[in-house]
Amino acid sequence: MTSQQTTVHIPGARLAPDAFAQPDMRSAAAMPGTPHPLGATPGERFGKVGTNFALASEVAEGVTLCLFDEAGAETQIPLRDNDADTWHAFVPGVGPGQAYGYRVSGPWDPARGKRCNPAKLLLDPYARAVRGTVSFGPEVLGHDAADPNAPSTLDSSAYVPRSLVVESSFSWQDESRPRYRYSDTVMYEVHVKGFTMRHPDIPPELRGTYSGLAHEAAIAHLRDLGVTTVELLPVHQNVPESFLPARGLTNYWGYNTLGFFAPHNGYSAAVRDGRDGGQVDEFKAMVDALHRAGLEVVLDVVFNHSCEAGADGPTLCFRGIDNAAYYRLAPGNPRDYYDTTGCGNSLNAGDPIMLELMMDSLRYWLGDMHVDGFRFDLAPTLARQEGGYDKVAAFLDMVSQDPMTSQAKMVAEPWDVGQMDSYDLGRFPPLWREWNGKYRDTMRDFWRSHPVGIGEFADRFAGSADLYATAGRRPTSSVNLITVHDGFTLRDLVSYNEKHNEDNGEDNRDGTSDNKSWNCGAEGLTTDPAILALRARQSRAMLTTLMLSFGVPLLLGGDEMGRTQNGNNNAYCQDNEITWVDWEYADKNLLDFTKQLIEFRRTHPVFRRRRFLAGAEAAELQWFTPHGTPMNGGDWADPSALAIGIYLDGSDDPDQGEDGTLLVDDDFLVLVNAWWEPMAFTLPETRPDAVWQPKIDTHDPGSAAGAGDRRAGDSITVGPRSLAVLSSS
């Protein structure tokens with residue numbers, strides 16, 4: 001196609017009849033503002049109370065601030081001052097609660113990556129709160145629906161959300177905020193809405209909201225469970241993909257961000273009650289309550305792509321402000337987007353405007369909103385300045401040097417999509433922790449008796465030294481996981497061989513088909529007591545492995561209660577009973593067992609080692625065959641081996657606590673049997689005269705308490721696909 005370049009100026013063509021009918025009553029009073037901070041900042045300037053508005057764009061030829069009254073009438077104020085590509089004005093008389101947006105005029109030339117169109121009302125990228133959501137249709141497209149080379153002339157203002165001016169006066173009470181070392185951290189991944197929506201002890205008007213998660217009933221569960229750190233699925237303002245509403249679905253997970261500074265208004269009880277902007281203080285109150293309960297708050301953030309999708313997607317914010325600054329454009333064809341996310345676009349972390357937004361957002365959530373850290377979705381995309389992953393990319397470098405982000409918990413999902421280096425664990429800088437996909441895959445296969453290699457199991461159990469020790473890091477570099485939001489829940493992992501995503505409307509084509517799951521003999525629901533007992537044992541074995549492995553355990557919210565999604569392994573679009581935690585039918589036995597496991601880990605520092613224990617001289621960690629003999633080269637090389645004994649010395653060269661106290665512990669034997677038959681283990685020679693007492697038996701949790709003392713040479717039978725843990729003081 002031939003290139004078409006058009007410079008479009010306000011007011012544009014064929015807008016809504018009354019879009020600009022209201023007289024501009026404020027433009028004469030607008031004063032030069034300041035280029036920083038970006039966004040809308042209420043305050044005083046030269047004795048006048050008002051709001052400073054600042055928007056960054058290298059490509060804009062004109063920027064118009066649009067103010068909306070309660071009836072939706074629009075008042076336009078051209079921003080006449082532009083300093084270093086930042087357009088700004090101070091508007092007296094405008095304060096908190098004011099709804100606004102921007103119209104940006106400039107070149108329209110998709111073939112050169114330029115997509116300015118003042119017919120589109122744009123969200124402020126720095127908006128602290130958002131009113132409303134998107135109504136999808138041709139009006140929100142920057143291009144003409146019939147001709148992608150031509151700019152749309154349809155006004156989008158009636159179909160898109162508004163930015164809100166916000167000033168918070170929240171009084172924090174979390175003076176003593178919790179701060180856990182990674183070795184002491186147990187993370188819990190949870191969805192604000194799904195965790196609280198069906199909780200019988202949370203008032204109906206608070207269910208599904210930040211206030212619901214702050215409610216004493218929700219916090220009591222988290223505190224009693226023993227987790228230290230709540231990892232919230234995305235809470236940035238987000239909108240669904242355009243095709244979902246037509247199916248009666250939405251983006252439940254929230255990985256489709258529109259505003260990186262705004263708490264999602266759909267999770268706000270205040271917004272439900274008609275108090276737009278109240279989501280900011282409500283979010284703060286939730287964080288405050290969690291902190292006072294001793295719980296850290298980590299946000300799952302999506303800095304890899306935005307909700308504007310590919311070239312055929314809507315123009316809601318970034319695309320219309322400065323397309324090339326916010327997005328990585330395809331080399332040689334800037335009409336299209338360089339996509340390493342599978343979502344149509346990738347944010348341009350190498351551009352100063354986007355990089356500044358990312359860092360400002362992180363600092364805002366750490367400073368103003370008091371969160372404790374972040375988990376970064378598809379994190380390698382943030383380090384692809386020149387295409388390939390680069391561990392010294394600008395974003396990673398700035399995070400490590402910034403005085404706020406360098407002190408926060410920073411966790412990477414260390415893979416993205418479609419590149420030769422999209423899956424390569426262990427490459428993030430030492431500041432970062434990583435979701436360990438190899439741990440997940442190994443433990444899933446091992447406990448369904450697949451021959452992964454006993455050495456592979458040992459590597460993952462002991463902190464994945466092959467991935468992290470060579471970089472001078474710690475076992476806590478590995479965030480160990482077996483299930484997370486993306487995929488089967490733990491209950492479904494032991495109940496389904498196949499995915500069952502029919503409710504997603506894609507004929508079960510979506511979601512991975514390689515789940516490394518095992519249904520234990522029947523697909524889905526069953527009343528067979530033998531199958532149910534086996535599923536319970538499988539669940540206990542995997543949870544115990546997770547809590548005893550070196551590294552940082554990550555527990556999927558609801559797994560401790562047997563939450564099911566009925567075999568749906570891609571429930572991103574299911575905002576209903578499929579994904580909401582069913583508190584009424586919680587598995588109380590599994591919940592009690594999980595509480596005991598977490599408490600066991602907390603009580604025994606030998607399972608929370610901050611150093612790798614490996615090598616010929618590392619007597620603190622030893623490996624034995626079921627016969628009680630030390631593992632040799634042939635034993636490690638046996639591809640069919642599915643059983644091993646692990647000895648942990650709790651007093652030999654212990655770690656130090658934060659106050660310098662030596663973390664001396666008991667000695668432990670962990671006997672692991674992934675065979676489908678019982679296995680007799682001979683207790684090995686370890687410390688002289690050691691007397692062993694059973695503590696955990698995942699095959700029969702009640703049997704450990706009544707078992708007698710054991711000594712080296714004694715035999716103990718470990719049930720099929722089970723672990724037994726013994727201690728010696």
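**Buried helix, rings and cysteines in a predicted model**

The buried residues of helix 10 are I454, G455, F457, A458, R460 and F461. This is a predicted model, in which local features need pLDDT of at least 70 and side-chain atom pairs count only at pLDDT 80 or more, while totals for chains, interfaces and linings use all residues. Residues are numbered from 1 along each chain as its sequence is written, and side-chain values use heavy atoms, with hydrogens and water left out.

Student: How many of the eight residues of helix 10 are buried?

Tutor: Buried means under 20% relative accessible area, exposed over 50% and partly exposed in between (1.4 Å probe, protein chains only). Helices (H or I, at least four residues) and strands (E, at least two) are DSSP runs, numbered from the N terminus. Helix 10 covers residues 454–461 and is largely enclosed by the rest of the structure, because the number of its residues that are buried is six.

Student: Over which residues does pLDDT stay under 50?

Tutor: pLDDT is the predictor's confidence in each residue, from 0 to 100. The mean for the protein chain is 93, and 95% of its residues reach 70 or more. Where pLDDT is low, the predicted coordinates should not be read in detail. The stretch with pLDDT under 50 is residues 1–28.

Student: Which cysteine has the sulfur nearest to that of C66?

Tutor: A disulfide is a pair of cysteine sulfur atoms within 2.5 Å, and a search of the whole structure finds zero. C66 is in no disulfide, and the nearest cysteine sulfur, 14 Å away, is that of C317.

Student: What is the angle between the planes of Y188 and F195?

Tutor: Rings of Phe, Tyr and Trp (its six-membered ring) pair if their centres lie within 6.5 Å; planes under 30 degrees apart count as stacked, over 60 as edge-to-face and the rest as tilted. By this rule the count comes to 36 aromatic pairs. Y188 and F195 form an edge-to-face pair, 6.1 Å centre to centre, with an angle between the planes of 80 degrees.

Student: Is the pair of F261 and Y364 stacked or tilted?

Tutor: Both F261 and Y364 are buried. Their ring centres are 5.8 Å apart and their planes at 50 degrees, so the pair is tilted.

How values were computed
Contact = heavy atoms within 4.5 Å.
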